[in-house]
Amino acid sequence: MSALTLKQRLILEFLVSRWEAGASFPSHRDICARFGYASPKAAADHLAALKEKGYLAEVPGSGRANQLTPKALGIPILGAIPAGFPKVEEEREEEALPLNTRAYGITRRSNAFLLRVHGDSMEGRQIHDGDLVLLEKTEDVKDKDVVAALIDNESTLKTFVREASRCWLRSENPKYPEIFPAHDLQIQGVARGVIRFFPL
């Protein structure tokens, strides 16, 4: 399936932002007004391309009305992260989960990603083995934020602690020690929410 053109990507972002705001799907005229197109055919052509590439689908039983697909709304699940002792984890995209990121305080969807939790070191913050953690790539990291971190080249999910000029990671389970970087501590994302699926 071919990649989106710049115009298609901008229109898709417009459609997603309206969905997140709870607005109805825009008409061809709405799209023309937003992007300065002279003819509704230009909007129709871009919507047809988005449908062909799997980002739009017809609303069942509606005739021609469109809706966004899970592909358009999906936040990527980038594999697992240890909530225990840090270890090397290979990042790999498993799937995507449709989410309204604005409901979690994330205004830029491109900064959002999900990781699956393995381990019990964050149970004190109600994050359990098997949960999905929604994270935001951001430089605004505060003391006591739950973070996905790379510490001395190993990844882990922990509470970030900043005291004076020193930073380290804290577990939320007394079975695990605090972790102080020997060389390097990089924050990959700040947790904004936890998603838990109960067994059926």
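**Figure 1. Overview of the predicted model.** Buried residues account for 40% of the 200 residues in the protein. The model is a predicted one. It contains four helices and ten strands, and the order of these elements from the N terminus is α-α-α-β-β-α-β-β-β-β-β-β-β-β. The C-alpha trace spans about 60 × 45 × 30 Å along its principal axes. Of the contacts in the protein with a separation of 6 or more, 57% are made by residues 24 or more positions apart. The accessible surface amounts to about 11400 Å², and carbon and sulfur atoms contribute 51% of this surface. The protein carries 27 positive and 27 negative side chains. The centres of these two sets of charges are 8 Å apart.

**Figure 2. Packing of helix 1 against helix 2.** Two packed helices are described by the angle between their axes and the distance between the axes. Here helix 1, residues 6-20, packs against helix 2, residues 28-35, at an angle of about 115°. The axes of helix 1 and helix 2 are 12 Å apart, and helix 1 passes helix 2 in a right-handed crossing. On the side of helix 1, the residues that meet helix 2 are Leu 10, Ile 11, Phe 14 and Arg 18. Helix 2 contributes Asp 30, Ile 31, Arg 34 and Phe 35.

**Figure 3. Ala 23 in the loop between helix 1 and helix 2.** The loop that joins helix 1 and helix 2 holds Ala 23. The relative accessibility of Ala 23 is 35%, so this residue counts as partly exposed.

Figure 4. Phe 160 is part of strand 8, which covers residues 154-163. With a relative accessible area of 3%, Phe 160 falls under the 20% limit and is therefore buried. Neighbours within four places in sequence are set aside in the contacts that follow. One run of contacting residues is Val 141, Lys 142, Asp 143, Lys 144 and Asp 145, and Val 147 also touches Phe 160. Cys 167, Trp 168 and Leu 169 are in contact with Phe 160 as well, as are Leu 185 and Ile 187. Arg 170 is ten residues from Phe 160 along the chain, and their C-alpha atoms are separated by 6.5 Å.

**Figure 5. Asp 120 in the loop between strand 5 and strand 6.** Asp 120 is placed in the loop that runs between strand 5 (112-118) and strand 6 (132-136). Its relative accessible area of 17% is under 20%, so Asp 120 counts as buried.

**Figure 6. Asp 152 and Asn 153 in the loop between strand 7 and strand 8.** Asp 152 is in the loop between strand 7 (146-151) and strand 8, and Asn 153 is found in the loop between these strands too. Phi of Asp 152 is near 50°, a positive value in a residue other than glycine. For Asn 153, also a residue other than glycine, phi is positive and near 70°. Asp 152 has a relative accessible area of 27% and is partly exposed. Asn 153, at 60%, is over the 50% limit and is therefore exposed.

How values were computed: Residues are numbered from 1 along each chain as its sequence is written. This is a predicted model: local features need pLDDT of at least 70, side-chain atom pairs count only at pLDDT 80 or more; totals for chains, interfaces and linings use all residues. Side-chain values use heavy atoms; hydrogens and water are left out. Helices (H or I, at least four residues) and strands (E, at least two) are DSSP runs, numbered from the N terminus. Buried means under 20% relative accessible area, exposed over 50%, partly exposed in between (1.4 Å probe, protein chains only). Contact means heavy atoms within 4.5 Å. Accessible areas come from the Shrake-Rupley method with a 1.4 Å probe; for residues, only the protein chains shown count as cover. Lys and Arg count as positive and Asp and Glu as negative; His and the chain ends are not counted. The place of a charge is taken as NZ of Lys, CZ of Arg, CG of Asp or CD of Glu. Axes are lines fitted to C-alpha atoms, for helices over the stretch in contact, and angles run from 0 to 180 degrees between N-to-C directions. A crossing is left-handed if the near helix is turned anticlockwise from the far one by less than a right angle, and right-handed if clockwise.
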